[in-house]
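The sequence and structure follow.

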Amino acid sequence: MTRISFAEELESAADRIRDMSRPDLQIILRRAALMLRNVAGVSLEPATEDALNDLAAEMKVGRSDLIQIVLREWVETNAYLPVRTIDEESETNGSA
């Protein structure tokens, strides 16, 4: 279950809280607690946070997507991951 679908489920439960049974409510609250407990955030300096948010907006991607892109390119550049190769004979239509 994705975070977005789970958030939608929580919102739906909040809208019909009177109709939910106690066991169903306990299950959904325990799942929410588990998801929150397993979220690992990255603390950044305010200037870095601002730059990251500005760049994500400029590139029209989500903040977490941008972090994944930057991290992947950094580990490839520093030879921690193999660099993806493009077959010179294939057509990419502008995308790798």
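E49 is partly exposed, with a relative accessible area of 23%; partly exposed lies between buried (under 20% relative accessible area) and exposed (over 50%), using a 1.4 Å probe and protein chains only. The side chain of E49 meets that of R63 in a salt bridge, with N and O 3.0 Å apart. A salt bridge here is a side-chain nitrogen of Lys or Arg within 4 Å of a carboxyl oxygen of Asp or Glu. This pair links distant parts of the chain, since R63 belongs to helix α4 (residues 63-77) and E49 to helix α3 (residues 46-59), 14 residues apart. R63 is likewise partly exposed, at 30% relative accessible area.

The model is predicted: local features need pLDDT of at least 70 and side-chain atom pairs count only at pLDDT 80 or more, while totals for chains, interfaces and linings use all residues. Residues are numbered from 1 along each chain as its sequence is written, and side-chain values use heavy atoms, with hydrogens and water left out.

The structure holds two salt bridges. In the other, R31 pairs with E9. R31 lies in helix α2 (residues 22-37) and E9 in helix α1 (residues 3-15), 22 residues apart, and this pair too links distant parts of the chain. R31 is partly exposed, with a relative accessible area of 31%, and E9 is partly exposed at 26%.

| Salt bridge | Closest N to O distance |
|---|---|
| R31 and E9 | 3.2 Å |

The largest nonpolar core has five residues, namely F6, A13, M20, I28 and A32. Helices α1 and α2 are the elements that give two or more residues to this core. Such a core is a set of buried Ala, Val, Leu, Ile, Met, Phe, Trp, Tyr and Cys residues joined through side-chain atoms within 4.5 Å. Leaving aside neighbours within four places in sequence, I28 is in contact (heavy atoms within 4.5 Å) with F6, E9, L10, A13 and M20.

The protein chain has four helices and zero strands, in the order α-α-α-α along the sequence. Helices are DSSP runs (H or I, at least four residues) and strands are runs of E (at least two), numbered from the N terminus. Of its 96 residues, 10% count as buried. The chain exposes about 8500 Å², of which carbon and sulfur atoms supply 55%; the area comes from the Shrake-Rupley method with a 1.4 Å probe. Among contacts between residues at least 6 apart in sequence, 18% join residues at least 24 apart.
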